[in-house]
Amino acid sequence: MARRSFVAGNWKMHKTVGEATAIARELRGLVSQLRDRVEIAIAPPFTALHAVAKALEDSNVAVAAQNCHAEVQGAFTGEVSAPMCAEAGCRYVILGHSERRQLFGETDVGVNSKVKAVLAAKLLPIICVGETLAEREAGKTLEIVSAQVRGCLNGFSAEQGKSFVLAYEPVWAIGTGKTATSKQAQEVHAHIRGLLTAQWGEGVAQAVRIQYGGSVKPENAQELLSQPDIDGALVGGASLKAADFAAIVKAAPGA
Ligand code: PEP
């Protein structure tokens with residue numbers, strides 16, 4: 001089954017509202033001719049979500065939040081809920097990014113609760129998994145990724161799962177300039193698709209997009225994105241410049 005490529009940019013804690021809207025407008029112009037051929041999203045910081053969503057209105061670039069809380073509202077100082085992200089103009093929420101897991105103690109159980117909140121707000125999750133360097137070197141990559149995928153997806157039906165996006169992001173490749181080889185990445189992506197088949201059956205597993213993330217750049221995007229089970233990219237550093245991000249988007253099959 002041909003899956004529509006999906007390239008998303010994670011801006012992390014970068015860009016003021018003014019900077020974010022300027023890049024969003026530039027990107028909008030650079031990818032407007034790709035309408036419908038590849039799915040595109042950018043994830044600015046919370047402060048810029050609404051302004052960026054306005055700047056991208058009626059375009060082919062969607063907006064994603066980088067995180068959300070599992071509750072709808074309450075005494076959770078400093079947190080933002082999924083309905084708030086929806087109101088700000090988001091279509092997606094990135095969940096379980098390795099920086100959230102490593103720096104803020106997020107767990108698979110916590111991500112699982114956030115996925116529920118995201119679906120309840122009629123948003124779509126981009127669920128990140130990936131092993132550390134020590135885990136890869138210990139030969140535990142597939143075991144770790146399996147546990148993360150099972151934990152994050154536990155309890156969701158095939159009907160819910162078909163709209164999920166997963167992102168395989170080896171922690172050792174994030175922001176380091178070290179990219180997984182296309183063979184390394186494809187091996188894990190195929191394994192993840194096998195887990196999806198076990199949980200939801202072949203039809204849903206073949207429909208779910210699995211992005212690769214970890215030092216994706218214009219120079220290596222085409223090789224990675226041409227692998228059979230790599231359906232797009234989650235891009236950090238290289239998404240901060242509209243021209244670089246647009247070049248990655250254009251390297252996606254079908255773009
Ligand atoms: C990320 O943070 O999701 C990421 C993949 O970062 P980078 O592209 O900078 O490695």
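Predicted model: local features only at pLDDT ≥ 70, side-chain atom pairs only at ≥ 80, totals over all residues.

**Entry 1: the ligand and its neighbours**

I started with the residues around the ligand. There are 14 of them, and K12, H97, E169, G175 and S215 come nearest. Sorted by class, I got 4 nonpolar, 8 polar and 2 charged residues in that shell.

For G175, a backbone N or O atom lies 2.6 Å from a ligand oxygen. For E169, a polar side-chain atom is 2.7 Å from an oxygen atom of the ligand. G237 also turned up: a polar backbone atom there is 2.8 Å from a ligand oxygen. On its own it has 290 Å² of accessible area, and the protein covers 95% of that.

**Entry 2: the pocket that holds the ligand**

Which pocket does the ligand sit in? I found it in the second largest pocket. I put the space in that pocket at about 230 Å³. Its lining has 18 residues, and nearest the centre are K12, G175, S215, G236 and G237. K12, G175 and S215 were already on my list of residues that come nearest to the ligand. The lining of this second largest pocket splits into 6 nonpolar, 9 polar and 3 charged residues.

**Entry 3: the largest pocket**

I went on to the largest pocket, with a volume of about 460 Å³. It is lined by 17 residues, and the closest to its centre are K12, M13, Q66, R100 and F104.

By class, I noted 8 nonpolar, 5 polar and 4 charged residues in the lining of the largest pocket.

**Entry 4: the cavity**

Why roll a probe over the atoms at all? Because a probe the size of a water molecule shows where empty space is left. How many cavities of 30 Å³ or more does a search of the whole structure find? I got 1. The largest cavity has a volume of about 30 Å³.

I listed its lining: G96, H97, S98, R101, C128, V129, G130 and E169. H97 and E169 also come nearest to the ligand, along with K12, G175 and S215.

**Entry 5: two positive phi angles**

Last, I looked up backbone angles. K12 is not a glycine, and I still found its phi positive, near 50°. I placed K12 in the loop between β1 (6–10) and α1 (17–31). K122 is not a glycine either, and its phi is positive at about 60°. Where is K122? I found K122 in the loop between α5 (108–120) and β5.

Technical notes
Residues numbered from 1 in each chain as written. Heavy atoms only, no water. Near = heavy atom within 4 Å. Polar contact = N/O pair within 3.5 Å; in protein donor to acceptor, adjacent residues only side chain to side chain. Areas by Shrake-Rupley, 256 points an atom, 1.4 Å probe, with all protein chains shown as cover. 1 Å grid on protein atoms, 1.4 Å probe; cavity = no way out; pocket = protein on both sides within 12 Å on 5 of 7 lines; lining within 4 Å. Sits in = over half its atoms within 2 Å of the grid points. Nonpolar A, V, L, I, M, F, W, Y, C, P; charged D, E, K, R; others polar. Points joined across faces, edges and corners; volume = space filled by probe spheres on them. Helix = DSSP H or I, 4+ residues; strand = E, 2+ residues; numbered from the N terminus.
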